Amino acid sequence: MKPTHIEHLGIAVSSLEQTIPFFEFLTGSKCYSIEEVADQKVKTAFFKVGETKIELLEPTCPESTIAKFIEKNGGRGGVHHVAFNVENVEEALKEAEAAGIQLIDKAPRKGAENLMIGFLHPKSTCGVLMELCEQPK
Ligand code: ZN
């Protein structure tokens, strides 16, 4: 599947408002986008570190998988997923499935920043949730 780079690192936080100043300090850049992704029940905030981004994920309701992730981590957030940039996410998902990797998404769906995304199941990926994403054309 040969990804071109790490597109972003997803970090779960309980409050964007409280964590944005730290990430602006850490990355030396302003948060350039805040976006709600309704079907994932999250609000996201983005920062650039070279070609890679940091995506903060704040749950918008208690049923959000991000809320559950934070709860499991003793109320603290943490690294939630690693996202790889691929040329074609549909093909990459098929390739992964053919290699015996368990998928969360059988077909690509729309994520934040208009990326087409698909998740691989942590059971097949060393316990780390992995996302494949494709830039909008
Ligand atoms: Zn992501």
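These legends walk through a few views of one predicted model. Numbering starts from 1 along each chain as its sequence is written, and side-chain values use heavy atoms, with hydrogens and water left out. Because this is a predicted model, local features need pLDDT of at least 70 and side-chain atom pairs count only at pLDDT 80 or more, while totals for chains, interfaces and linings use all residues.

View 1. Reading from the N terminus, the order is β-α-β-β-β-α-β-α-β-β-β. The radius of gyration is 15 Å, close to the 14 Å that the globule rule gives for 137 residues, so the chain is as compact as a globular protein of that length. That radius is taken over C-alpha atoms, and the rule is 2.2 Å times the number of residues to the power 0.38. Along the principal axes, the C-alpha atoms fill a box of roughly 40 × 30 × 25 Å. Of the 137 residues, 43% count as buried; buried means under 20% relative accessible area, exposed over 50%, and partly exposed in between (1.4 Å probe, protein chains only). Among contacts (heavy atoms within 4.5 Å) with a separation of 6 or more, 51% come from residues 24 or more positions apart.

**View 2. Four side chains hold the zinc ion.** The donors are His8 (NE2), Glu55 (OE), His81 (NE2) and Glu131 (OE), sitting at 2.0 to 2.3 Å. To count as a donor, an N, O or S atom must be within 2.8 Å of the metal (3.2 Å for Na, K and Ca); water is not among the atoms, so sites may look incomplete. Along the chain, the donor spacing reads H-x46-E-x25-H-x49-E. His8 lies in strand β1 (residues 5–12) and Glu55 in strand β4 (residues 52–59), so this pair ties together parts that are 47 residues apart in sequence. Both His8 and Glu55 are buried.

**View 3. Next, His80 in strand β5 (residues 78–85).** With a relative accessible area of 14%, His80 is buried. Leaving aside residues up to four places away in sequence, His80 touches Gly10, Ile11, Ala12, Leu57, Ile66, Phe69 and Leu129.

**View 4. Salt bridges: the structure holds 8 of them.** The term covers a side-chain nitrogen of Lys or Arg within 4 Å of a carboxyl oxygen of Asp or Glu. Glu97 pairs with Lys106, their closest N and O atoms being 2.7 Å apart. Glu97 is partly exposed at 37% relative accessibility, and Lys106 is exposed at 63%. Glu24 and Lys30 also meet in a salt bridge (3.6 Å, N to O). Here Glu24 is partly exposed at 21% relative accessibility, while Lys30 is exposed at 65%.

**View 5. Another salt bridge joins Arg109 and Asp105.** Their side chains meet at 2.8 Å, N to O. Asp105 counts as buried at 9% relative accessibility, whereas Arg109 is partly exposed, with a relative accessible area of 23%. Elsewhere, Glu7, Lys53 and Glu113 are linked in a network of salt bridges.

How values were computed. Helices (H or I, at least four residues) and strands (E, at least two) are DSSP runs, numbered from the N terminus.
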